Amino acid sequence: MAEDFNTGDMLSVYLFENQQLLENLQNMVMEQKDADGFDEESINEIFRTMHTIKGSSGIMMFDEITKVAHKLEDVFYFLRESHPDNVPHVELVAHVLDVADFISGEMEKLSDGGEADGDGSQILAELDTFLSEIKGESPEKAKKETKPPVDDGPKQFYIAPETGGGSNYFKIYLTYNPDIQMASMHAYKTVFALKKIAEEILYTPDDILTNPDSSEVILRDGFKILLRTNGEEKDIREIVQPGYDLLQVDVYQCTSKEFQMGFESEGSEIVIDLESSVEDIEKKADEKQKAEKEPKKKIAPGDFVVATKEPGKGKNLAKDRPKKADKASFISVDIAKMDQLMDLIGELVISQSVVLQNPDLKVPGLNLDNFNKSAGQMKKISTDLQNVIMSMRMVPLTNTFQKMNRIVFEMSRKLGKDVGFEMVGDTTEVDKNIIEHISDPLMHLVRNSMDHGIETQEERIAAGKTEKAKVTLTAKTESGKVFISVADNGQGLNREQIMAKARQQGLLEPGKPESAYTDKEVYQFITLPGFSTNKKVTEFSGRGVGMDVVVSNIQKVGGSLEIDSVPGQGSTMTLKIPLTLAIIDGIVMETGNTSFVMETGAVREFVHVNEKMMIHEPDGTESVMIRGECFPVLRLGDFYDLKNYKTDVEDGMMVVVEAEKKEICLFVDRLIGKQEIVVKPIPDYIKKVKGLSGCTQLGDGSIALIIDAAGIVE
């Protein structure tokens, strides 16, 4: 019946849910990598995660993923049941991460439309060896006893009875999380898992693979299974356990007669009397047990389900039913749809500006009081709409930071350095698009700290350092920007070594003495393409590409990199990036016939100046004195070679711009006003221009260029 699978929808759900599971798994593992061992809760969680991935992968017939997940599940089953003392924790962490990497890689292939064709034999062999070691067995014996996994993919809905006595009969009621998708797939995953202990199995609804509407029935009424097996109730509960998808599992042992009568048999359903007390219900249940000839499992108050006109319907149990007021509902949404919604809101903002700035409204004597009231209300609603959609796009940096934790863990093992990892402010929320752009830069900064910054243990001891080597990731928000810093307590940057390399590559300005370069100017050399002070090329560095990638990627999102270092004490590299790329508040200004926009967070003030305040240098540069402070002046008309712009400072306006702890005065013809602007990228076919980060459409339909404050003050 494999052809009846709705593979498109099922694959989407499979990838989404398992990627979430793997992400949570890696976060949990990295949080406990420095501990002596996993706690009991984590062992159970990893076991359940692998069990879930194994089951869903088996249904989708991804054999290699199923085998690898099953083998790691075996490892954690042994840890959970036997509690061995001889478990090398770091090695176990490495195995878990290797499995997570393999499964993630296979799912990435599937996401790209490919096949899950990876070979997990090496991972399986390593896990076999590890399992035999913690069991105290010889590797040869473990290898001999290991049986290859049997592919018993979903070939039928019903398992025929087998001859033999001593069978137990069970009725199983499953209650699923109402927020999950494709509940029918989760239900069949349970059936698929129970087949290995089943002599006979039936379930309802029985069309879970062929009827898309069965998911709705399962969420509403529950999923019910009749099972004949030689196993016990504990065997069933080991296979079917509550989790993120399965809220509750109720298992009731019954007679063979009740089993043959099925779910609709009179008296076989479990019913709750909502009007009686818990004590009365327990008393009635005990009396019923005594009256029956055949002993049955004692029924606890929480095992009852709500009575309905349809007997046997699986419902949420009374004692576990959450209050509606306390329940949070979530829904999974394709990020492409979120981007489309954001684009539509951007178009709405532009259309709003077109309406409010329509030249027809400038007719003299026109009474616009009612229009202005309505326009104000519309503007408020559109602003609230923007805030809501932006909050939906904001995600915490925790997962991104945990990936860096993984890099520190891996590199510390390969480089032989004992390095700790610390996260500060990892719950800071940033636009998802921003996070996608900063993952690579952060990775390169962390690798740089590990390889260049942190010394070996011998070097640290020789330098008199007693504290443990550490890499710290810090995030904070300020003035519409997020600051993410990567700090280490290593050896710091060597100014002389960097200057020597810069001199060798001809990067120094002719006629400028080396002593005139500030430390920050020297440190910026390491961000240039092909610049590396490592004399030996290693797996991690020495080719001069990492820091170049950092700068180019963060510039794409209007960000910048700042480097601070103290020789012998460590370095701090800080990324400064906007919180979002979508809609910002900006100041619209004009020079000549060209409109510009500057983000309000970068504008300190506007000042009218006169010629007496100007300072003209012999080399043509200009400065202006404002309240005793001297600011360099940049005329936008000259800088971008525009036409028909004002040259007399008394006819224009000075805009004091602050960025990167530097200040500059932009001279423009006139200010238009404050406006919400939708940021659009400059097309790729247009050559990149210094100081511009994008463009936007104004209310009159004209295009305005967005000035990058950090780029203009350099």
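Where is the place of P205? P205 sits in the loop between β2 (198–204) and α8 (214–221); helices here are DSSP runs of H or I with at least four residues, strands are runs of E with at least two, and both are numbered from the N terminus. The peptide bond leading from T204 into P205 is cis, with omega near 0°.

A quick word on what you're looking at. This is a predicted model with residues numbered from 1 along each chain as its sequence is written, where local features need pLDDT of at least 70, side-chain atom pairs count only at pLDDT 80 or more, and totals for chains, interfaces and linings use all residues. Side-chain values use heavy atoms, with hydrogens and water left out.

R627 has phi near 50°, and D641 has phi of about 55°.

How confident is the predictor? pLDDT is its confidence in each residue, from 0 to 100. The protein averages a pLDDT of 78, and 81% of the residues score at least 70. Over residues 144–164, though, pLDDT stays under 50, and the model has 40 contacts (heavy atoms within 4.5 Å) beyond four places in sequence for them. Residues 292–328 also stay under 50, with 70 such contacts.

Notes: pLDDT = per-residue confidence, 0-100.
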